2 protein chains.
Amino acid sequence: MSSSALQISMVVSSRSSDFLGSHSFCATNSLRSRNVSLPGRMAGVCRCGSAPSAEETAFKTKVARNANMAKLQAGYLFPEALFVAMLTFMQSQSSMYHLAAVFEILSGQMMLRFCWEHNAVSFLILNNFLIYLLNLVNMLARRRSAHMSKYPDAKVISLGIGDTTEPIPDDITSAMAMVFSQHALLLNLYSAIQRAHSLGTFEGYSGYGAEQGDKKLRANIALTYYKDLGIEETDIFVSDGAKCDISRLQLLFGSQVKMAVQDPSYPAYVDSSVIMGQTGLFQKDIEKYANIEYMRCVPENDFFPDLSSISQVDVIYFCSPNNPTGSTATRDQLTQLVQFAKDNGSIIVFDSAYAMYISDDSPRSIYEIPGAKEVAIEISSFSKYAGFTGVRLGWTVVPKELLFADGFPVAKDFNRIVSTCFNGASNIAQAGGLACLSPAGLKAMQNTINFYKENTKIIVDTFTSLGFNVYGGKNAPYVWVQFPGRSSWDVFTEILEKGYVVITPGSGFGPGGESFIRVSAFGHRENILEAAKRIKQLYQ
Amino acid sequence: MSSSALQISMVVSSRSSDFLGSHSFCATNSLRSRNVSLPGRMAGVCRCGSAPSAEETAFKTKVARNANMAKLQAGYLFPEALFVAMLTFMQSQSSMYHLAAVFEILSGQMMLRFCWEHNAVSFLILNNFLIYLLNLVNMLARRRSAHMSKYPDAKVISLGIGDTTEPIPDDITSAMAMVFSQHALLLNLYSAIQRAHSLGTFEGYSGYGAEQGDKKLRANIALTYYKDLGIEETDIFVSDGAKCDISRLQLLFGSQVKMAVQDPSYPAYVDSSVIMGQTGLFQKDIEKYANIEYMRCVPENDFFPDLSSISQVDVIYFCSPNNPTGSTATRDQLTQLVQFAKDNGSIIVFDSAYAMYISDDSPRSIYEIPGAKEVAIEISSFSKYAGFTGVRLGWTVVPKELLFADGFPVAKDFNRIVSTCFNGASNIAQAGGLACLSPAGLKAMQNTINFYKENTKIIVDTFTSLGFNVYGGKNAPYVWVQFPGRSSWDVFTEILEKGYVVITPGSGFGPGGESFIRVSAFGHRENILEAAKRIKQLYQ
């Protein structure tokens, strides 16, 4: 394996130095200097030590690099590791000739892009990159002789990324299209959508909107998701997605707060905290940043943290249904959480981006818990309901009852952040959001969600039938499977190399995810079924 | 005047306390406590001192308010002052009966919204609010007897806000509409747009995109605006608008840098710096924040700062063509600026959002200056080219040659910011951006720009013919008119009350804007002509 890796390394090096030469800096040097902790078996790849170092030759400004940015761990988000794993896999599945041919075809662009971005990537870069690599692998697989694979004609299937796959429902896309159309009559078969206006006409054109979002959309969100919970239109801030508002909330809180986060959790909470300067350095031995309270969520505590062991914290990020574990907090648990926040004077940032996946009586909003308006912000999104991951639309609830220690309303400062650092979600996306909340739109979203929930059941049943401990899935599009005593990365490699299926190693979501894998239910049905079949063959 | 203001105050107070009662906090208390510096003649309005204070009764978290947020000056951005001015104007133009009736009609919602948001508003809130108020004023004007006004049948015209008014060109809207349409055949009269795909079909659906933006769009931006300047696709980061990227750049730089800014300038530079904690407190006597270098730009220095007087700074925000002055830096001046940055090791953030308005040989990009890639970031936007203010699309160029003091590439950290704190611009908006850069789209954008430039000429000619010192306008959609020895606010009030035209007081852009007004050329032609007529009547 190591000699194979070396061979790839040589290919990469020679190509990348060609492409990097004119730019006079070597990304991989920086990678190395930042002590990225790739899994050991994948280290030593992608070095380009012979290229001249930027530090020696190029003009440098006198502006000091933001120390908080330097704290970020490239390896923590595992794109490099995944990349190397994929490369290794590609090589194991093909001849050097084919690999070289592929690199030739790519004209080095992929490598250049990777070298440029590889210590500054996120899950979503990874998504595109992975798909890119998968296509390569599939191309190679088609060329391979049959005996090299159990699935000579099958593609590698990715259940690794939490990106939706099903089309956006008609009622919603047509509302968005109508925003532009000067040919609204052609589209008036969608008579349900009356409000859409035409940006291409004098009558319909509108420029800057309110940064907080369209008034009618805000009112509809309040009515649809917070009816009888005391949340009003003015408490709703429409965003271009939950991830973006997580960072805006960090700006709001500033650098002097201490955060707590579920472990494992969606990495944007921790990373944005690091960027804001709320944390200390990354401690490699425990795989945690200093000055963040990691609230361990494991089967032993029903994925709900032992609150009595949590120190005084300012902001508690809590996601339910959870990404990645798929677990959903019960009413009792959330009542404990709200009480804990009240007792300690903390602010909860409750991420409900998967709430519509809940099919039992678990709370869909933190505001179902009495008193939550005084301690909690809620962030949510249309991404996983309507397939809006690329359209970009979400919202954040900041109740006017939520006050800082000096009595100043949090919402007023958040409003200022939104007004200064944001200019509102795209008016087209907002037209789509309004259509999502129409009766037809709500029904269409629920149909899409039900489809993914059927996928989830297939995945849960597959792993359960094989005797694994399977968590999540019931109220979430994620299935969390335990491989006791094994490394998440080893399991990842095993499933990729032997089953041609990509899942996400649990340790990428924090140290509490070690020995788990996350299997995403976002996929076309035939892919889910095929992946289930291969996993059964692999583990039965 | 003061007794009139008092009467309004009473109306406002009694209504707002009604609406605020159930929310148990009084925004105007907070406003007062934050020492907002409204122009003296408008002070004393909107008090609701009798409402119970939140500080006394409500639950408060123990989370300390971010001290940087508390530094922000509500009055600096003048929405309150404008609001009060408009209210005063409304009252001066109508009977108390009508005013009360209007408030009744509004059911207090406007006041509630204002009281809630009025110390956390920006120009864009102001925009909506102003339009709202203008509609009210116009309604009142229609009811008024003719002798109360010089223009009994005319509407108040706003040339105060830099928001575009002309429709988005067909080629561009259709490209965006096609992203959704399952009925692409109906739209295939727009045969030029081949790339649009359908989010409503399995084939066309796409989820998360790259946070940096669509590869083809990045390549097209590089080709269209930076051809032969050495800027490549990978240097381009597509954004949801320049304003949003200004804040992301602040996140990138962190709290330890010192910034310089043109005075006057677009307020987002300063405000985002304050939020990041780069500044000290606002110094009321000089109307400046501590630890910001204000680079005075006035007619005496051809609106280009005396660089020899600038202290050591890390980041220099420079907008050309400038908002608000409309001035455009020459090649010589920008060469000086780049040299200054090189000598001092500073980073320039060059805002070129109005570059397509340049009709002489002034540089359209900072990268036209040799060596700029080593010291400059450039932010830009489709907003003022294609009317995308509401669609939300822009870009930022971070050349890979730009390095921090330790040699680390700035672009790599910015890439990490974009990946962690952003999820890419809406795929629909990006489809529109691609259409903007097609031959037809470029032509359509230029037509729109030419239309606004004709507006600009009308405004420039109007003020010039009246003997004013008129600046800007040639390469920008803004005209900057000097009223020597007078307060911007007094001029604002005069033009509003006597001419029924809304402009923007120059002092809202910084102390260097005092005694100037900004007149925006974004407006329908008939409004521009009517406003010109009224201003001529007023000042001839």
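Predicted model: local features only at pLDDT ≥ 70, side-chain atom pairs only at ≥ 80, totals over all residues.
Chain A contains 19 helices and 15 strands, and 60% of its 540 residues count as buried. Among contacts in chain A between residues at least 6 apart in sequence, 74% join residues at least 24 apart.

**Sheet and covering helices in chain A**

- An open sheet of 4 strands is present in chain A, with the order E11-E12-E15-E14 and antiparallel pairing.
- Strand E11 (469-472) and strand E14 (504-505) of chain A are the edge strands; each has a single partner strand, so one side of each lacks a neighbour in the sheet.
- Strands E12 (residues 478-482) and E15 (residues 516-520) of chain A are paired in the antiparallel sense through 5 bridges. Within this pairing, Trp480(A) has Arg518(A) of E15(A) as its bridge partner.
- Helix H17 (residues 439-465) of chain A lies across E11, E12 and E15 of that chain, at about 10° to E12(A).
- Helix H18 (residues 488-499) of chain A lies across E14 and E15 of chain A, and its direction makes an angle of about 45° with E15(A).

**Sheet and covering helices in chain B**

- Chain B has an open sheet of 4 strands in the order E11-E12-E15-E14, with antiparallel pairing.
- At the edges of this sheet stand strand E11 (469-472) and strand E14 (504-505) of chain B; each has a single partner strand, so one side of each is without a neighbour in the sheet.
- Strand E12 (residues 478-482) and strand E15 (residues 516-520) of chain B run antiparallel and are joined by 5 bridges. In E15(B), Phe516(B) is the bridge partner of Gln482(B).
- H17(B) lies across E11, E12 and E15 of chain B and runs at about 10° to E12(B).
- Helix H18 (residues 488-499) of chain B lies across E14 and E15 of chain B, running at about 45° to E15(B).

**Helix H17 of chain B**

- Helix H17 (residues 439-465) of chain B has 27 residues; at 1.5 Å a residue these should span 39 Å, and the 38 Å between its end C-alpha atoms agrees with that expectation.
- The buried residues of H17(B) include Gly441(B), Met445(B), Ile449(B), Tyr452(B), Ile459(B) and Phe463(B).
- Gly467(B), which follows H17(B), has a positive phi near 90°.

**Helix H13 of chain B**

- Buried positions in H13(B) are Gln333(B), Leu334(B), Leu337(B), Val338(B), Ala341(B) and Asn344(B). Viewed down the axis of H13(B), the buried residues fall within an arc of 140°, so they line one face of the helix.
- Exposed residues Arg331(B), Asp332(B) and Asp343(B) are carried on the face of H13(B) turned away from its buried side.
- The buried residues of H13(B) pack against strands E7 (315-319), E8 (347-351) and E9 (376-381) of chain B.
- H13(B) is followed by Gly345(B), with a positive phi near 70°.

**Nonpolar core**

- The largest nonpolar core has 261 residues, of which Ile348(A) and Ile348(B) touch the most other members.
- Apart from neighbours within four places in sequence, Ile348(B) is in contact with Ile316(B), Phe318(B), Leu337(B), Ala341(B), Ile366(B), Val375(B) and Ala376(B). Two of these contacts, Leu337(B) and Ala341(B), are also buried residues of H13(B).
- In soluble globular proteins, nonpolar side chains tend to be buried together.

**Backbone features in loops of chain B**

- Asp263(B) and Pro264(B) are joined by a cis peptide bond with omega of about 10°. Pro264(B) is in the loop between strand E3 (259-263) and helix H12 (267-276) of chain B.
- A cis peptide bond also joins Asn323(B) to Pro324(B), with omega of about 25°. Pro324(B) lies in the loop between E7 and H13 of chain B.
- Glu287(B), a residue other than glycine, has a positive phi near 55°. Glu287(B) lies in the loop between strand E4 (282-283) and strand E5 (288-289) of chain B and is partly exposed, with 18 other C-beta atoms within 10 Å.
- Ser515(B), also a residue other than glycine, has a positive phi near 75°. Ser515(B) is in the loop between E14 and E15 of chain B and counts as partly exposed, with 19 C-beta neighbours inside 10 Å.

Notes
Residues numbered from 1 in each chain as written. Chains lettered and ligands numbered in written order. Pairing = 2+ DSSP bridges. Helix = DSSP H or I, 4+ residues; strand = E, 2+ residues; numbered from the N terminus. Contact = placed C-beta atoms within 7 Å. Axes fitted to C-alpha atoms, helices over the stretch in contact; angles between N-to-C directions. Core = buried A, V, L, I, M, F, W, Y, C linked by C-beta atoms within 7 Å. Buried ≥ 20, exposed ≤ 12 C-beta atoms within 10 Å, placed from the backbone. Expected span 1.5 Å × (residues − 1). Arc of directions from axis to C-beta.
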